[in-house]
Amino acid sequence: MKVLMINGSCNKNGCTYTALSEIEKVLNAENIETEIIQTGNAPIRDCIGCGGCGKNDGHCVFKDDIVNEIIEKAKTSDGFIFGTPVYYAHPSGRILSLLDRAFYAGKANFEYKPAAAIASARRAGTTASIDVLNKYFTINNMPVVSANYWNMVHGSKPEDVRQDLEGLQIMRILGGNMAWMLKCIKAGKAAGITPPVK
């Protein structure tokens, strides 16, 4: 089993990465493979609604960023965690552009696979950001993985996040819940239970 984790921050080893890494430790301890993809700081195009992906084998017509790479990796992933920093009480523009295109073009690669959203902020705007990201999952038949509180960490630098003991505990609980759900789905498939037919 594999969980694909997307860091929607320009900062490779910043606060969002620190939170994702805490989840990764738990998943790896549960023998679940992980990969953290850094969106980087190069531009990510917005979806222009051209519909070209419908004629392009489920891939976006724009090939100059990482969106098609993520669509391809989603085929062999069993679950997803999308992380974002908070900008003006909202997710980063880059993760929204990425998700608009990845979910529109590669919808089939994400459907019926569990997902979670996490947010990192200095102070506030996290619940609004998580709410925005969760909509991608609920619109695409994806079970949403939760923890015992909002999936957030606080701090303006990684050292601050490492001192957010409650936030780190939430990340660990989220990782455990993702592992449990993936194992339940695997057991269900082994018992012949398949996703609903639309």
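Glutamate 72 is partly exposed, at 36% relative accessibility. I start there, and a reminder: this is a predicted model.

Glutamate 72 has a salt-bridge partner, lysine 75, at 3.2 Å, N to O. Lysine 75 is partly exposed too, with a relative accessible area of 44%. Both residues sit in helix H2, three residues apart, about one turn of the helix.

That is one bridge. How many salt bridges does the structure hold? Eleven. Let me take two others.

Aspartate 64 bridges to arginine 45, again 3.2 Å, N to O. Both lie in the loop between strand S2 (33–38) and helix H2 (67–75), so the pair ties together parts 19 residues apart in sequence. Aspartate 64 is exposed, at 54%. Arginine 45 is partly exposed, at 39%.

Next, aspartate 65 and arginine 101. Their closest N and O atoms are 2.7 Å apart. Aspartate 65 is in the loop between S2 and H2, and arginine 101 is in helix H3, so this pair ties together parts 36 residues apart in sequence. Buried or exposed? Both are buried.

There is also a network: salt bridges link Lys2, Glu35 and Lys73.

Now helix packing. H3 (residues 93–105) packs on H5 (residues 126–139) at about 5°, axes 11 Å apart. That angle is under 35 degrees, so the helices count as roughly parallel. H3 contributes Ile95, Leu96, Leu99, Asp100 and Phe103; H5 contributes Val132, Leu133, Tyr136 and Phe137. By type, that is eight nonpolar, one charged and no polar.

Last, serine 9. It sits in the loop between strand S1 (2–7) and helix H1 (15–29). Serine 9 is buried, at 4% relative accessible area. Beyond its neighbours within four places in sequence, its contacts include Thr16, Gln38 and Arg94.

How values were computed:
Residues numbered from 1 in each chain as written. Predicted model: local features only at pLDDT ≥ 70, side-chain atom pairs only at ≥ 80, totals over all residues. Heavy atoms only, no water. Axes fitted to C-alpha atoms, helices over the stretch in contact; angles between N-to-C directions. Helix = DSSP H or I, 4+ residues; strand = E, 2+ residues; numbered from the N terminus. Parallel < 35°, antiparallel > 145°, perpendicular 65-115°, else oblique. Contact = heavy atoms within 4.5 Å. Nonpolar A, V, L, I, M, F, W, Y, C, P; charged D, E, K, R; others polar. Buried < 20%, exposed > 50% of the residue type's maximum accessible area, 1.4 Å probe, protein only. Salt bridge = Lys/Arg side-chain N within 4 Å of Asp/Glu carboxyl O.
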